[in-house]
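Have the viewer open as you read.

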Amino acid sequence: MKFYTTLIFLCLAEVIHTQKLFTLNGYVNEMGSGESLIGVNIFLKSNPTKGSTTNSYGFYSLTLPEGEYDIVYSYIGYTNVEKKIILTHNQSLNINLNSGITLEEIVISSEDIKKNVQSNEMGTQELNIETVRKLPALFGEVDIIKSLQLLPGISSASEGATGLYVRGGGPDQNLVLLDEAIVYNTGHLLGFFSVFNSDAIKNTKLIKGSMPAEYGGRISSVIDVQMKEGNMENYTIEGGVGLISSRLTIQGPIAKNKSSFIISGRRTYVLDLAQPFIKNTDFAGTNYYFYDLNSKVNYRLSPRDRIYISTYFGRDVFKFSNTERDFSVRLPYGNATATFRWNHLINNNIFSNLSLLYNNYNFNLGADQEVFSVSVKSGIKDFSAKGDIDYYPNTQHHIKTGFRYTYHILTPNLVNASNGEVDFSTKLEPKYGHESEVYILDDWKIRSKLGLNYGIRFSTFTQVGPYTRSTDSVIYKSGEAVKTYVIPEPRLVFNYGLNQNQSIKGGVNLSGQYIHLVSNSGTTFPTDIWVPSTEKVRPQIGIQYAIGYFRNLMDNAIEFSIETYYKTLMNQLDYRESYVENFSSDVETEFVRGNGQAFGLELFVAKKRGKLNGWIGYTLSRTERWFDEIENGRVFPAVYDRPHDISIVTNYEINKKWQLSVSFTYATGRRFTPIKSLFIIDSKPNIEYGPRNSDRLKDYHRMDLSLIYSNKNVKKKRFHSSWAFSIYNLYNRKNPFFSYTDIDNDVFSGNATAKQINVSLFTLIPSISWNFNWNTK
Amino acid sequence: MKLQFVFYIISFLFFGLISCEEEVVHDNSNFTPQYVIESYIEKSGNAFPPYLLLTKSIGFYSKIDLSVLNNLFVSGAKVSILLGNNKYELDEVCLSQLPSEIRKEILINIGLNPDSVSIDFCAYIDVNRRLPIQLNTRYELEIVINTDTIKSYTTIPDFNPIDTFWFADVPGLVNDSFAQLFGRIKDLPTQVDYYRYFTAGQGESIIPDIVSVFDDFFFNGQNFKFTIPKARAPGEEFTDISGYFRRGDTIKIKWCNIDKAHYDFWNTLEVSRTRQGPFSNYIRIKGNIVNGLGIFGGQQCETYTLVVIE
């Protein structure tokens with residue numbers, strides 16, 4: 001701790017002693033839409049190591065000694081802009097970049113190509129939405145989360161699922177942000193589709209390694225999703241019609257170049273189409289669909305002030321009805337988020353943002369039969385305030401500091417039931433908590449070859465009342481502290497450049513996590529409950545050490561990296577052995593606490609330019625857990641322990657109208673707990689299971705293909721459309737999705753059989769979707 | 001209600017048509033059999049004497065034929081139940097030694113269909129009913145087989161009878177042939193009660209339903225009305241009339257109180273049996289046998305005979 005404090009002060013002292021400087025600042029936007037561009041590289045043509053990048057709002061600030069400079073604005077997929085600046089006073093300069101070369105580029109990293117080598121970041125990837133749209137997709141549904149699974153170090157829960165397991169971490173250990181608001185449930189339809197509508201999304205950043213101090217609350221990764229802001233210059237309508245869903249997005253200026261809006265919606269309709277057939281059966285009224293609605297407005301109050309208001313609302317709705325038995329089930333669940341942000345330029349090189357955030361994930365289930373009824377409710381609701389300051393004292397330092405405060409309300413499974421005479425309830429109370437964090441970090445280019453991103457984050461969590469302690473019935477009043485945890489979270493990444501094209505980076509970071517999701521199934525479920533840290537449930541702590549070698553080849557056309565990591569995970573949660581879901585007790589009494597570790601090696605090679613582009617990722621890893629109360633502390637592999645994981649993604653631009661993409665994935669088979677034996681009780685066979693996760697399904701691999709026909713290169717047309725043809729699982733590989741047992745119950749007949757059967761879910765699936773874009777200009 | 005059931009319906013509706021199946025062949029070469037106990041001590045007006053079935057677990061064979069079954073039952077064990085300082089030994093009785101009527105009665109009492117049992121096996125029974133049946137008293141089980149010793153214990157809890165039964169029309173569409181059964185209990189407020197029930201249609205064996213146990217969390221100490229569905233026989237498909245009783249039939253309802261360990265065993269076992277599907281995790285069955293698998297359970301029961309309204 002003392003070391004970090006000293007380091008911060010040394011750095012600040014160094015900043016203060018810098019000579020008098022002038023500042024060039026402004027925003028970088030996309031030409032034609034006015035969308036701010038994140039991560040644009042701005043540097044001196046004469047000395048590319050001196051520069052800056054735009055922040056999450058497209059803002060940049062360069063503070064330099066008085067002089068004349070050629071400034072380059074560079075962003076992959078966009079034409080570079082050069083500006084000659086005579087810096088004799090502070091200046092503001094907004095820049096528009098033209099995305100004229102998108103089709104020829106694979107935009108795996110939306111940053112200057114040398115950033116792979118020269119930035120003080122590791123384990124970080126950005127996925128531009130244009131890249132995601134080219135990839136083959138299940139049922140043609142473009143999916144950001146599934147695209148992330150094609151990167152090294154990321155694996156999925158199961159076939160087609162959107163759950164992410166990052167470097168051996170659990171699915172609850174990823175901080176998923178949509179315009180800074182936390183999204184607690186990222187999947188629709190049991191996780192087969194993500195909640196992110198690609199039409200509304202601008203950019204996705206994944207940090208799987210050394211998390212900078214500005215991020216916290218989860219111990220494995222950050223998935224920072226930014227919504228589009230809305231076209232500032234003209235109105236556009238875009239959308240698409242696919243096999244299972246359709247999408248529509250409208251955006252445009254409210255006041256030209258001052259204010260804009262975007263509204264985007266998506267809804268599935270597979271069972272809607274089946275309604276005429278269902279209507280005349282006993283199951284009339286049965287339906288399932290999901291939808292998402294994103295909206296955002298922004299307003300430039302003054303050159304120094306901007307506000308953004310963005311919202312997301314999504315629901316899965318399942319209705320089941322059986323008139324034969326007078327039985328019905330209704331099951332709506334989903335997320336809602338809202339973000340209000342106020343950007344204020346305090347002075348030329350100090351940028352601030354204040355955010356007010358709200359997010360709510362809730363799950364409801366209601367079932368009725370005659371006079372009997374039951375309803376189940378659970379969820380998590382957060383109210384947050386967040387402030388961040390970016391300070392650019394010179395081209396060597398980018399200092400960031402800020403805070404975040406969140407009030408959590410976590411509702412356990414509240415069950416209400418009635419038998420027509422008496423009402424019953426679980427009487428479980430919601431849990432409440434205050435989570436607070438402050439941080440400071442410095443992204444420091446010490447010399448041209450040496451850089452450091454270091455910082456510290458202090459986080460605290462206090463469980464507060466109303467709460468009744470189960471052990472001694474002590475009652476805590478509303479707001480009264482029950483238990484407080486404090487975790488100092490140091491973060492450090494260094495970058496040592498061997499030359500212009502090679503560097504070695506290393507990092508260590510410690511993170512804490514106070515909100516947990518423990519799943520009792522092979523994947524996460526909408527029914528899984530988020531629980532806070534309490535007297536009984538301690539915060540999870542993760543420490544990750546990573547080191548890597550980064551190199552650009554062939555005039556930066558090829559980017560290569562090899563990273564290794566070792567991660568220790570403390571206070572991991574799982575259900576006790578033989579746990580059976582029930583609503584009668586506080587779920588935290590069913591938890592056991594343990595530890596884990598994960599280690600691995602990741603190789604990544606990307607070709608970014610040319611008609612043929614793409615990447616290859618390979619991961620070699622192990623992930624283990626151990627709990628004193630599970631199998632007597634035996635170390636067992638996590639269910640997502642998959643030592644080998646390969647992804648190959650290629651894009652080929654056949655001509656200006658046709659584009660081909662092929663992806664191939666291979667992973668060691670998923671772990672499962674095998675059947676050890678059968679034993680007879682009550683004259684029926686029953687299963688005794690072997691050691692946890694001690695066997696594997698067979699290896700997973702598949703190839704997908706997409707072919708996109710587009711007429712959008714036809715200039716001067718307001719209406720553009722494209723057809724996307726996609727084949728999922730091209731060679732019809734039967735990858736096991738799950739196993740079930742088929743056992744004759746009449747064992748004493750002497751003719752009983754027992755079988756285990758693997759079920760493959762997605763065999764070869766072709767799909768087609770039509771997408772369009774209409775623009776007033 | 002298990003929430004995951006709802007998701008099975010969703011996944012079936014959505015993905016049922018695009019999946020395919022493949023049988024897995026298991027390697028049982030490293031399998032070591034374990035002893036399996038199924039034993040009950042029951043207090044009721046017509047209780048079967050305390051008995052114990054001693055078997056061995058078997059590998060996950062593709063076929064459970066007669067040779068496998070004949071090797072399943074363990075003979076020659078010394079089975080004792082301790083009550084206080086007194087030790088009561090159970091007698092080994094083999095089916096082939098018994099007259100066919102008694103054989104049939106035994107099989108029905110231990111929940112087997114006499115017509116489908118094609119092998120001879122032996123059970124350990126307190127034939128002379130020497131073991132006193134007492135409430136809330138610790139019964140200790142000890143089994144010695146060669147050099148192995150297996151232990152367990154159980155208790156017989158207080159009984160809470162069903163006060164009232166009545167029949168009503170089945171919900172939903174009109175059905176003149178079947179009725180649903182309701183019952184009412186006055187739950188005891190001073191303790192956590194664990195219940196298990198069995199049913200039999202006319203001329204059928206008394207069997208537990210797929211979910212046969214529940215506790216009183218939701219209705220502790222209350223006057224509680226509930227439905228009693230007719231238990232489905234092993235392998236019986238769920239149909240529109242599942243759970244309902246045929247009008248005019250004479251049926252039986254067996255209602256028991258069991259202790260916590262006994263409840264945990266059936267609760268985990270019954271959920272384990274239903275854990276089939278893409279999103280389910282395995283459930284390890286929680287028995288109360290040391291050095292073996294299975295259950296040694298005390299229970300206090302009453303069997304009611306009812307005539308379903310016409």
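How many residues of domain 1 of chain B are in contact with domain 2 of chain B? The count is 25 residues of domain 1 against 22 residues of domain 2, where contact means that the C-beta atoms, placed from the backbone, lie within 7 Å. Keep in mind that this is a predicted model: local features need pLDDT of at least 70, side-chain atom pairs count only at pLDDT 80 or more, and totals for chains, interfaces and linings use all residues. Residues are numbered from 1 along each chain as its sequence is written, while chains are lettered from A and ligands numbered from 1 in the order in which they are written.

In chain B, domain 1 covers 35-154 and domain 2 covers 158-307; these bounds come from an automatic or database domain assignment. Taken over C-alpha atoms, the two domain centres of chain B are 23 Å apart.

Now look at the side of domain 1 of chain B that touches domain 2. Strands S2 (35-43), S9 (139-145) and S10 (148-154) of chain B each supply at least two residues to that side. (Strands are DSSP runs of E, at least two residues, numbered from the N terminus.) S2(B) gives the most, nine residues. By class, that side has 10 nonpolar, 10 polar and five charged residues, with Ala, Val, Leu, Ile, Met, Phe, Trp, Tyr, Cys and Pro taken as nonpolar, Asp, Glu, Lys and Arg as charged, and the others, Gly among them, as polar.

S9 and S10 of chain B also sit in an open five-stranded sheet, ordered S6-S5-S9-S10-S18 with antiparallel pairing; two strands pair if DSSP finds at least two bridges between them. S6 (86-89) and S18 (289-290) of chain B are the edge strands, each pairing on one side only. Further in, S5 (78-83) of chain B pairs with S9(B) over six bridges, and Leu83(B) stands opposite Tyr139(B) in S9(B).

How values were computed. Two residues are in contact if their C-beta atoms, placed from the backbone, lie within 7 Å. Helices (H or I, at least four residues) and strands (E, at least two) are DSSP runs, numbered from the N terminus.
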